[in-house]
Amino acid sequence: MIMASTTQFESIPPFPQDVPLADIRTVSLANLRLGDKDAVETLMSSCRGLGFFMLDLHGDHIGGQMINETDQLFDFGKKLMSLPDEEKQRYLHDAPKSFLGFKPKGQAKIETNEPDRFEWFNIGQDGLMGNSPLQPLPPLAHSNLSLLKSFLIHGQDVVALISTVLASELGLPPDSFTRLQPPTKPSGTAMRFIKAFASPKPEDQRTSMIHHTDFGTITLLANVLGGLQILAPGKDANAGDSWLWVRPQAGCLIVNLGDAMVQWTGGVLRSNVHRINHAPGQQRFVDRYSLAILVRPERNASMKRLTGEGADSDLTAWEWEVKQMMALRHEENTVNSSSGTPFKN
């Protein structure tokens, strides 16, 4: 998840000091790019432990551009989600066939079977990169295509760097993960703009998006307000004290791994359960806007295990993702964090 510049933090209530925080370690993007030993070790221990880490974008050319673009895209996202309902309805997604387009508030359920409290608009990587025709989009998006594509390409650079370091540290060829998720081949990778609604009333102070893991490889998510929570390892998702808050930091990026990385590494790396709750403290009175890049393998990529132990798969990435989605829809799976082992240098 990408955190914007200080500009975005100036007009919101402060994050409270009295909530339990996730112990997310910080890695410098500039140092990671240089192959700094401490940065690499922190990356590895985080990906094997919590499955989340914070990436400091300062001092890196690409990172600096992403900070600036995030500010612009927050403004775009607010305008996009503020379009009249009748206009957004023209771009409804067609789940589970396609998740591209607009998802209205209340269409999904949370753990109490109450309606969710968020809406999103997904824009596919394939259309932006020319892998397929561009999906139907409102005029507002068409006028910002260059910004959307630029941010996506910079995100691809960060994902490729992280993927290369992980592969190398696991004793695999450096391109082991990057060759399975090239941006130039069709995939389910998408940019997602999310609006979680303010929670001024007591009955609103509940989960906005149900707990889940991500199906893909790596997720980047930008947000300014609190609300993201991580399930503490080994804890019960139904217990309130099991959830740890993530405090957004200006100029940093929060990264989490998805289930595909767990599959490829035979459980060596971790995909952790997380959710969007109502924002904490006085922040609950403000609508929460987020921007995500959710990276998935290219559709024909093999899901065979590359290292580690555990179940193997002969499925393509697309077949594997469909199987994962159908299992959840038919409640054949309980959502749990996946694997992860302590890192020993």
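This report covers the sheets, helix packing, nonpolar cores and cysteines of a predicted model.

## Basis

The model is predicted: local features need pLDDT of at least 70, side-chain atom pairs count only at pLDDT 80 or more, and totals for chains, interfaces and linings use all residues. Residues are numbered from 1 along each chain as its sequence is written, and side-chain values use heavy atoms, with hydrogens and water left out.

Helices (H or I, at least four residues) and strands (E, at least two) are DSSP runs, numbered from the N terminus. Two strands pair if DSSP finds at least two bridges between them.

Axes here are lines fitted to C-alpha atoms, for helices over the stretch in contact, and angles run from 0 to 180 degrees between N-to-C directions.

Strands β5 (residues 190–196) and β12 (residues 288–294) are antiparallel partners over 7 bridges. A190 has L294 in β12 as its bridge partner.

The loop between β3 and β4 contains N113. N113 is not a glycine, yet its phi is positive, at about 70 degrees. Its relative accessibility is 55%, so N113 counts as exposed. The classes are buried (under 20% relative accessible area), exposed (over 50%) and partly exposed (in between), with a 1.4 Å probe and protein chains only.

## The sheet of 4 strands

A second open sheet holds 4 strands in the order β6-β11-β8-β9, with antiparallel pairing. β6 (209–212) and β9 (243–245) stand at the edges. Each has a single partner strand, so one side of each lacks a neighbour in the sheet. Neighbouring strands are turned by 25 degrees against each other on average, direction ignored.

Strand β8 (residues 228–231) is joined to β9 by 3 bridges, and the two run antiparallel. I230 has L244 in β9 as its bridge partner. L231 stands opposite W243 in β9. β8 also pairs with strand β11 (residues 274–276), in the antiparallel sense and over 3 bridges. There, L228 stands opposite I276. Which residues cover the two faces of β8? L228 and I230 lie on one side, Q229 and L231 on the other, and all are buried.

## Crossing of α2 and α7

Two packed helices are described by the angle between their axes and the distance between the axes. The axes of α2 (residues 37–48) and α7 come within 10 Å and cross at roughly 85 degrees. That makes α2 roughly perpendicular to α7. The classes are roughly parallel (under 35 degrees), roughly antiparallel (over 145), roughly perpendicular (65 to 115) and oblique (the rest).

V40, L43, M44 and C47 in α2 meet I162, V165, L166 and E169 in α7. Contact means heavy atoms within 4.5 Å.

## Nonpolar cores

A nonpolar core is a set of buried Ala, Val, Leu, Ile, Met, Phe, Trp, Tyr and Cys residues joined through side-chain atoms within 4.5 Å. The largest one has 65 residues. L32, L166, M191 and F193 touch the most other members. Helix α7 (residues 145–169) gives the largest share of this core, 11 residues.

Neighbours within four places in sequence aside, M191 is in contact with residues including L73, F121, L148, F151 and I293. Another core, of 12 residues, lies apart from the largest one. Among its members are M54, L228, C252 and I254.

## Cysteines

How many disulfides does the structure hold? It holds 0. A disulfide is a pair of cysteine sulfur atoms within 2.5 Å. The closest cysteine sulfur to that of C47 is in C252, 16 Å away, which is too far for a bond.

C47 has 0% relative accessibility, so it counts as buried. C252, in strand β10 (residues 252–257), is at 9% and also counts as buried. The C-alpha atoms of C252 and L231 are separated by 21 Å, with the two residues 21 residues apart along the chain.
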